[in-house]
Structure formats: C-alpha cells, structure tokens
Amino acid sequence: MSTPAEPTADPTVDTATDARAIGVLTRSPWRQPLAVIGIVVIVGWLLVAVLAPMIAPADPLAQTFGKLSPPSAEHPFGTDNLNRDVLSRVLHGARISIPLAMLLVVLSAVVGAIMGGIAGYFGGWVDAAIMRVTDLVFAFPAIILAMAVSAALGPGLSNAVLALTIVLWPGYARVIRGLVLSAGQQEYVQASRLLGSSALRTLTVELGPSVAGPVLVLVALDVGNAILLLSGLSFLGLGAQPPAAEWGAMVSAGTAVFDSWWVGLFPGLAILTVVLGFNFLGDTIRDALDPRTARAIRS
Amino acid sequence: MAGRLRRVQWAALAAAGLVALAACGGGGGGGGGDATGGGAKDTLVVDTAFLLKSADPARSFETTGSIIDHVMYDTLLTFDGSDATNPKPLVAEKFEASADGKTFTFTLRDDVTFGDGTKLTSKDVVYSYNRVKNVKGNPSFLLEGVTTTAPDAKTVVLTSEKPNPGLPYIIPNPALGIVNSAKVAAAGGNDQPGADQADKAEAALNKESMGTGPYKLESYDVQSEVVLAANPTYWGPNKPTYQRIVIRNTDASVQKVNVQKGDAQLVLDLSADQSQGLASDSVKVDATASKTLFYLAVNANPEVSATTSNKDFLEAVRYGIDYDGLVQLGGTGSQQSAGVVPDGFLGALAKDKAVKRDVARAKAALARSGVANPSIKISYASDLPVAGIAIGDLATRVQENLKEVGITVELAPSPAATSLDAFRSGKEQGALWFWYPDYPDPSDYLVYLPGGNLGKRAGWNEGADAGLTELGAQAASEMDKDKRAALYQQLQQQLNERGPFLPLFNPSQVFAYSSSVSGVAYHSAWTIDLADLR
C-alpha cells in the first residue's frame with residue numbers, strides 16, 4: 001500500500017482512523033524507540049502475568065522463609081515481614097494489576113460509550129442531564145472521589161474497580177459525546193437515518209467505527225493510569241486485601257519497614273515499568289492518529 | 001480497651017507523614033539541645049503520635065493525655081517504675097481496706113501543696129473524684145459504684161457498692177489525679193450530678209494545670225505540641241531533672257530520623273521492625289512486651305456458626321496457631337501471652353502454661369469434630385495498626401497456620417468502626433482484635449467471661465459456662481492478694497481450655513532515646529513516667 005490511508009473517495013472519518021491505527025500498530029512503531037520500549041515492556045509483563053505460576057520461584061503466599069531477609073541468590077528480591085518471597089509476589093502481582101486495570105478501563109469505556117452515545121445522539125434534556133452528572137464527577141480529583149466511593153462500598157478489589165469505574169467513565173462519555181455530535185452531521189449518517197435506521201443501529205453500525213479510533217487511544221493511555229489508581233487505592237488499604245499479592249498493597253507494607261527497602265522498592269518498580277510501558281504505547285498511538293504528527297511518523 | 005478506638009488512620013495519616021517528613025527535612029537540628037550540666041538539665045524533647053483529647057484529667061483517657069496528666073496531677077496511690085502489682089502511697093501516706101472489700105480508708109499526707117501554695121486536703125480528693133464521675137468522660141467508669149467521702153481533712157473514704165479488690169490498682173490512674181478544688185471551681189468546674197453539662201473548667205485546665213505534680217502545663221496545643229515546665233515548689237522527694245519537657249506530635253515514620261539526628265531525645269511509637277539497627281553509641285533502644293493483647297475470638301454461639309461453636313473445632317484452632325511465629329512477626333520485645341492477663345499483672349499465668357502449637361493434636365481434634373469443609377471467617381480492622389503491626393498481617397499468618405491443619409480461613413477486613421460494630425453484635429464467626437488494659441488489675445479481664453462485655457462479642461452468653469461464671473464471681477470479691485492471684489490463674493487456665501478467646505501475644509513497646517537520658521521505664525497506666533527521666 002503506497003498511500004495507505006488517504007481518505008479520497010469516501011469522505012468518512014472511520015476508514016481513515018482505522019487505517020492509521022492499523023498502520024501504527026503494524027509498521028510505524030518500529031521507527032519509534034519509545035513505542036518499541038513500551039511494547040516490549042507490556043508484552044514482557046503480559047507474559048509474566050500468564051506464566052507467573054511457572055516462573056515464580058515460590059508460592060507467593062508461603063510464609064516459610066526468613067523474616068525481612070535482604071536480597072540474596074536464593075531470594076533475589078528478599079523476603080517481607082511475613083517471611084514471603086518478594087520476587088514471587090511481584091511476579092504474581094502482574095496477574096492482579098494488569099488484567100484488572102484493563103477490565104476497569106474497558107468497563108469505563110463501555111459505560112462511557114453508552115452514556116456519551118445517548119447524550120450525543122438524543123441531545124436536549126437527556127444530554128444536559130448526563131453532562132451535568134459528568135460535571136459532578138469532574139468536580140472532584142479522581143483519587144479523592146475513588147477513595148470516598150470505595151470507602152463507602154467497603155475495602156476490596158472488586159469494590160475498588162467499581163469505584164474507579166464510577167470515576168473514569170465520564171471522561172469517555174465526554175469524548176464520545178463530542179465525536180457522536182460531529183460525526184452525526186456527516187451525510188452518510190443523515191442518509192442512514194432518512195432510510196429509517198433505528199437509533200441503536202445508527203449509533204452502533206454508522207457511528208461506532210468513527211468513534212472507535214480515538215477511544216482506543218484513550219483506552220491505551222488510561223490503562224497505565226488505571227494501574228496507578230488501583231495500586232493507589234490498595235496502598236491506602238481500600239483495594240486489595242491480605243494476603244493478595246498486589247503491588248500497591250506491597251508498597252504500602254514496605255513503608256512500614258522502610259529500612260528493609262526491598263519490600264517496597266521492587267513492587268514499586270513493577271508499577272513504574274508497566275505504567276511507563278502503557279504510557280509510551282498510548283502516546284505513540286495518539287501521535288500517529290493526530291494529523292499534525294501522523295505524517296511525520298508515517299513518512 | 002477495644003471499645004475506645006485509637007485514631008482511625010489511613011490516607012490522612014500517610015499524607016500527614018509526608019508533610020511532616022518534608023517539614024523536618026528543612027528544619028534539621030532545631031530541636032531542643034540538652035545542656036548536660038550538673039543536676040538539673042535544660043530541655044527534653046519527646047516525640048509521639050498524639051492520642052490526645054484533653055489535659056483535663058476528668059476527661060482524658062487517651063495515651064498522650066495519660067502521659068502528661070500523670071506528671072501534672074498526683075494520685076492517692078502510684079506504682080514504682082514498671083511494677084504493676086504493688087500500689088504505693090503517694091498523696092495518701094497509708095490506706096486500709098475493709099475485709100469485705102467495700103470500704104477503703106486513705107490517710108493523706110499533710111505536706112502536699114498545689115502550685116499556688118494551697119495545701120491539698122480531703123476536700124480536693126472528694127471534689128476531683130466526684131468530678132470524674134459526674135463529668136461522665138471516658139474515665140468515669142473507673143469509679144463506677146464508688147462513693148467518696150471525707151470524714152476529716154486528712155481522711156478520705158471510698159465506699160464501693162460491690163466488693164472492689166481492684167480499687168487500689170485503679171487509684172493510680174492519671175485520670176484520678178487530684179485537682180485544686182477551689183481553683184477548678186473558680187474556673188467553672190462542677191463536681192455535682194449534671195456536671196457533664198455544668199462543668200466548664202476544661203478550657204482553663206488546658207491552659208493551666210491545677211495539680212500537685214512535679215510538672216506544670218506551660219502550653220498546650222492538641223494538634224502540635226504540649227510543653228511542660230518543672231514545678232519549682234514540688235513537694236515530693238524526687239525533684240524533676242528536666243526544666244522543660246516538649247512533647248511534639250510526630251508521626252512514627254519520622255520519629256526514627258528525629259531520634260537519630262538528636263532532634264528528639266525520646267520517641268515513643270517506633271515498631272519493633274522500625275527500631276531494628278537503630279541502637280548505637282548515641283541512641284538506646286528498649287523493647288519490652290507491652291500489656292496490649294492481641295486475641296482471636298472464635299464464636300461460641302451455635303446460632304452464629306455450627307462450625308465455630310464446635311468444641312473440637314475450637315481446640316483445632318487453638319492448637320493450630322503458631323504462637324511463636326506470631327511473636328516473631330511482632331518483632332523484638334513481643335511475647336506470647338499465656339492467658340488473657342498480661343505478664344507483669346497480678347494473677348498472670350506463668351509463661352510455661354501458655355498454649356503451644358501442636359499440629360497433630362489440632363488435626364486429631366478437627367477429625368473428631370466431624371465438621372465437613374471446616375472453615376472460619378475472621379474479621380479484623382484493616383486500617384488500625386497497633387504498635388506498628390497491621391492486624392491484616394496477623395490474620396494472614398493465622399490463615400496460613402490453619403491451612404496446615406486443614407481449616408480454610410476467609411479474611412474479612414473492614415474499616416475499624418465498621419469492624420468493631422460488627423464484632424460488638426456478637427455475630428462474627430471469628431475476630432482478631434486487641435485489648436488495652438484500662439488499669440493494671442486482673443479484674444479488668446472479667447469481661448472475657450460468659451455474658452461479659454467481651455464474652456458476648458464472642459457469642460459466649462450468660463449461662464454458657466456456669467463453672468467459669470462462679471469462679472469469676474469468687475475472684476471478683478476475694479480480698480487476699482495471693483488467693484486472688486491463684487483464682488485468676490485458675491480462671492485463665494480454664495479459659496485456655498474452654499474459652500472462645502485465644503490470647504495470641506503482647507506486641508512490644510519500643511522506646512528509643514538519646515544515651516544522655518536514663519530512667520526510661522514502661523508502665524501500662526501512663527506509658528512512661530516523664531518525671532522519672534534523668
């Protein structure tokens with residue numbers, strides 16, 4: 001494909017976006033070192049998450065080692081105050097943080113898509129009502145509101161995910177509403193409506209594809225954020241509960257024994273790398289989709 | 001006591017810690033230097049995380065309040081050093097108890113004077129005690145059923161409705177410090193029924209101490225710091241060494257740095273793990289078992305759980321827990337509690353009577369119980385570290401211990417307030433909680449009996465064990481010290497056989513202090529006697 005994504009004949013937004021996104025994912029990242037790093041890190045962590053039971057040297061819950069022993073050949077990341085192997089816990093932590101963060105972001109995107117789609121498509125008082133709800137959520141810093149909600153629901157990972165979904169969906173709803181509003185003016189959409197398509201069909205079949213691209217970028221950018229927020233709640237004792245090997249909770253345990261730096265440092269590094277990885281990837285996708293920077297990447 | 005929650009600390013505290021850390025990074029070296037001269041020393045800086053509501057003894061029952069009230073207000077009786085078994089005369093030169101344990105007669109010294117020069121008389125004692133009762137603050141329960149009268153200026157008589165052999169052990173509590181009745185009354189104080197509304201003296205008592213103690217209140221800020229100044233006219237034999245004592249509200253995470261840098265000469269809240277490797281030429285570390293008890297309650301009520309109320313299941317849990325492992329988790333200074341009454345109190349069980357882990361016995365008991373898929377849900381407060389130990393860590397360890405025996409433990413963490421409410425309802429299958437002694441006497445532990453305040457929380461209701469109830473009644477009214485001790489030991493041994501409470505361990509109390517300071521000793525009633533520091 002010499003001119004892969006020039007939307008000449010068909011003036012629709014969706015094909016252009018799709019093609020750009022595909023181009024980014026297949027070809028151009030390799031010219032972008034940050035994207036390569038991001039993808040390598042993420043793939044690495046995903047592999048760890050899948051293979052953790054096989055590659056971890058010990059059971060993450062086994063309390064059979066020394067108390068707070070520093071890193072050694074036997075325990076490369078040392079042991080914590082409950083005599084558990086920190087390396088095994090960090091590796092198993094990937095099985096909690098990454099899938100949950102993805103689930104959380106997808107949940108938020110789905111809820112946001114439904115609410116944003118309804119608001120953008122129907123307009124009027126429905127739009128006003130939904131947008132005021134999003135304003136309400138935006139009025140608070142995300143982590144503070146998430147803390148309040150999960151404290152009200154009670155500590156636990158599922159409640160933390162729920163609380164964060166409540167905090168994160170308005171961001172998607174806003175973006176999607178805007179996209180639906182602008183794409184809704186396109187002639188093919190008007191044509192489809194004139195032909196008698198139902199609202200559901202217009203939203204999903206006609207408008208869905210043009211909304212998908214930007215939302216994908218948002219999702220990729222948000223996974224890192226979601227991992228941070230989830231770990232943050234766990235750090236505060238509102239997310240993962242003992243004995244779960246969750247990174248935020250492990251960092252929190254590390255703060256109680258500051259001199260045994262290995263207890264908190266390694267899970268902290270895990271959070272750092274995986275969040276950076278997702279951010280690099282998200283940034284690259286965003287740059288590729290932004291007309292101002294996309295050309296530079298693709299040429 | 002479990003009912004009086006320490007500060008629920010989570011996010012806010014973490015944030016406060018960071019702020020304090022930042023603040024302290026900027027102002028290093030600004031703390032009080034101790035001019036080590038002959039005899040009197042200049043200033044002592046003490047860092048502790050404040051648990052402080054008031055400096056008014058009638059309203060104060062929190063740790064920090066007890067520390068400061070103890071040196072500002074003398075009591076009729078006191079304890080020496082870390083001893084908790086021999087109440088010693090202080091303001092009272094002697095006391096006598098009637099054979100039935102209902103009447104206690106105290107003879108006062110005649111050389112005790114308040115800061116303003118007035119002599120302390122029996123009128124002040126009656127006023128102080130009545131005020132504690134009628135203000136209805138946290139400590140008012142100490143004098144429940146006790147009436148105070150003064151036949152003459154030198155004599156005070158306490159009359160108890162019920163035999164009260166523990167009263168001499170309650171009297172030294174800092175909340176029962178004696179105030180200057182004329183001065184407090186002038187400041188709006190009231191000791192009559194209805195004082196909970198009528199008494200207005202708290203504000204004045206937060207500005208100025210009106211007691212006979214070795215220290216006076218110089219300034220008081222419930223958020224940041226309390227400054228005590230030596231009482232130049234102190235009547236007692238031990239004149240205070242430090243001219244000023246500054247007690248600063250400091251998060252535990254910062255205390256270590258402060259004592260290392262010399263910003264503070266004494267810090268009170270380090271955990272055993274935090275104090276590892278802190279001892280050096282300039283810093284001393286004392287870690288001793290505190291009187292706080294961690295216990296596991298296993299519900300005895302069949303309506304709550306057929307599993308946990310099964311006697312054999314209880315035995316399996318009791319012998320399945322690795323007590324030594326929990327002590328190790330607690331860190332240096334922690335020690336297994338043989339019974340519910342901590343080591344060092346009258347009637348404490350000898351250490352060799354403690355339950356030892358026996359996995360084979362636990363497995364046998366479990367098999368005998370006939371419970372299919374044995375499991376227990378253990379609830380605990382997730383946001384309330386005690387002595388630097390997260391209760392979740394203890395619960396996690398218990399879970400791992402019982403897994404070896406074949407019992408599945410489901411952990412049910414919740415915020416302290418919610419968790420305590422649920423525990424109080426008596427409907428929790430299992431609960432991991434802690435108990436601070438209200439006063440150093442085994443009678444404070446009668447609540448663990450069937451139908452007692454705590455017993456009910458473990459589903460152990462009135463009449464569940466007639467033998468123990470009878471033994472408890474006997475112990476509660478026995479006046480002879482040795483017989484009392486024997487009765488309480490017998491009681492605890494039976495509790496260890498049949499009771500739904502599994503005493504786990506006493507976590508350590510760590511004091512880290514500059515090597516220029518001496519006389520540091522832990523006492524459960526006032527944590528530390530600042531006037532004893534040299």
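**Figure 1. Confidence of the predicted model, with attention to chain B.** In this predicted model, chain B has an average pLDDT of 90, and 93% of its residues score at least 70. Residues 1-38 of chain B are a stretch where pLDDT stays under 50, and for this stretch the model has 58 contacts beyond four places in sequence. For the complex, the predictor gives an ipTM of 0.74 together with a pTM of 0.83.

Figure 2. Chain A is built with 11 helices and zero strands, and when its elements are read from the N terminus on, they run α-α-α-α-α-α-α-α-α-α-α. Of the 299 residues in chain A, 49% count as buried. Among the contacts in chain A with a separation of 6 or more, 68% come from residues 24 or more positions apart. Where the chains meet, 17 residues of chain A are in contact with 23 residues of chain B, and the residues on the chain A side divide into 10 nonpolar, five polar and two charged.

**Figure 3. Two loops of chain A with backbone geometry worth a close look.** Most residues other than glycine have a negative phi, and most peptide bonds are trans. In the loop between α8 (199-235) and α9 (247-256) of chain A lies Pro243(A), which is joined to Pro242(A) by a cis peptide bond with an omega of about 0°. In the loop between α2 (33-55) and α3 (86-122) of chain A lies Leu68(A), which has a positive phi of about 50° although it is not a glycine. Is Leu68(A) buried or exposed? Leu68(A) has 20 other C-beta atoms within 10 Å, and because the cut-off for a buried residue is 20 or more, Leu68(A) counts as buried.

**Figure 4. The domains of chain B and the contact between two of them.** Chain B is divided into domain 1 (1-49 + 224-288 + 508-513), domain 2 (52-213) and domain 3 (293-506). Taken over C-alpha atoms, the centres of domain 2 and domain 3 of chain B are separated by 34 Å. Each of these two domains of chain B gives 12 residues to the contact, and on the side of domain 2 that touches domain 3 there are eight nonpolar, four polar and no charged residues.

**Figure 5. An open sheet in chain B and its edges.** The sheet has seven strands in the order β8-β9-β10-β1-β11-β19-β12 (chain B), and its pairing is mixed. Which strands stand at the edges? They are β8 (215-220) and β12 (283-289) of chain B, and each has a single partner strand, so one side of each is left without a neighbour in the sheet. At one end of this order, β8(B) pairs with strand β9 (residues 225-230) of chain B in the antiparallel sense over five bridges, and Ala230(B) in β9(B) is the bridge partner of Tyr215(B).

**Figure 6. Helix α2 of chain B and what it packs against.** Helix α2 (residues 63-72) of chain B is largely enclosed by the rest of the structure, because nine of its 10 residues are buried. The buried residues of α2(B) include Ile67(B), Ile68(B), Asp69(B), His70(B) and Val71(B). The buried residues of α2(B) pack against β1 (41-48), β8, β9, β10 (242-249) and β21 (527-528) of chain B.

**Figure 7. Nonpolar cores and the surroundings of Tyr295(B).** The largest nonpolar core has 159 residues, and those with the most contacts inside it are Leu164(A), Leu230(A), Tyr295(B), Ile378(B) and Leu432(B). When neighbours within four places in sequence are left aside, the residues in contact with Tyr295(B) include Val340(B), Trp433(B), Trp435(B) and Phe501(B). A second, separate core has 79 residues, among them Leu90(B), Val91(B), Val132(B) and Trp526(B).

Figure 8. Asn373(B), in the loop between α11 (359-369) and β15 (375-381) of chain B, has a positive phi of about 45° although it is not a glycine. Asn373(B) is exposed, with 8 other C-beta atoms within 10 Å, whereas Gly459(B) is buried, with 25 other C-beta atoms within 10 Å. Gly459(B) lies in the loop between α14 (453-457) and α15 (466-477) of chain B, and beyond its neighbours within four places in sequence, its contacts include Asn299(B), Val304(B) and Gly426(B).

Definitions and conventions:
Residues are numbered from 1 along each chain as its sequence is written. Chains are lettered from A and ligands numbered from 1 in the order in which they are written. This is a predicted model: local features need pLDDT of at least 70, side-chain atom pairs count only at pLDDT 80 or more; totals for chains, interfaces and linings use all residues. Two residues are in contact if their C-beta atoms, placed from the backbone, lie within 7 Å. Ala, Val, Leu, Ile, Met, Phe, Trp, Tyr, Cys and Pro count as nonpolar, Asp, Glu, Lys and Arg as charged, and the others, Gly among them, as polar. Helices (H or I, at least four residues) and strands (E, at least two) are DSSP runs, numbered from the N terminus. A residue is buried if 20 or more other C-beta atoms lie within 10 Å of its own, exposed if 12 or fewer, and partly exposed in between; C-beta atoms are placed from the backbone. Domain bounds come from an automatic or database domain assignment. pLDDT is the predictor's confidence in each residue, from 0 to 100. A nonpolar core is a set of buried Ala, Val, Leu, Ile, Met, Phe, Trp, Tyr and Cys residues joined through C-beta atoms within 7 Å. Two strands pair if DSSP finds at least two bridges between them.
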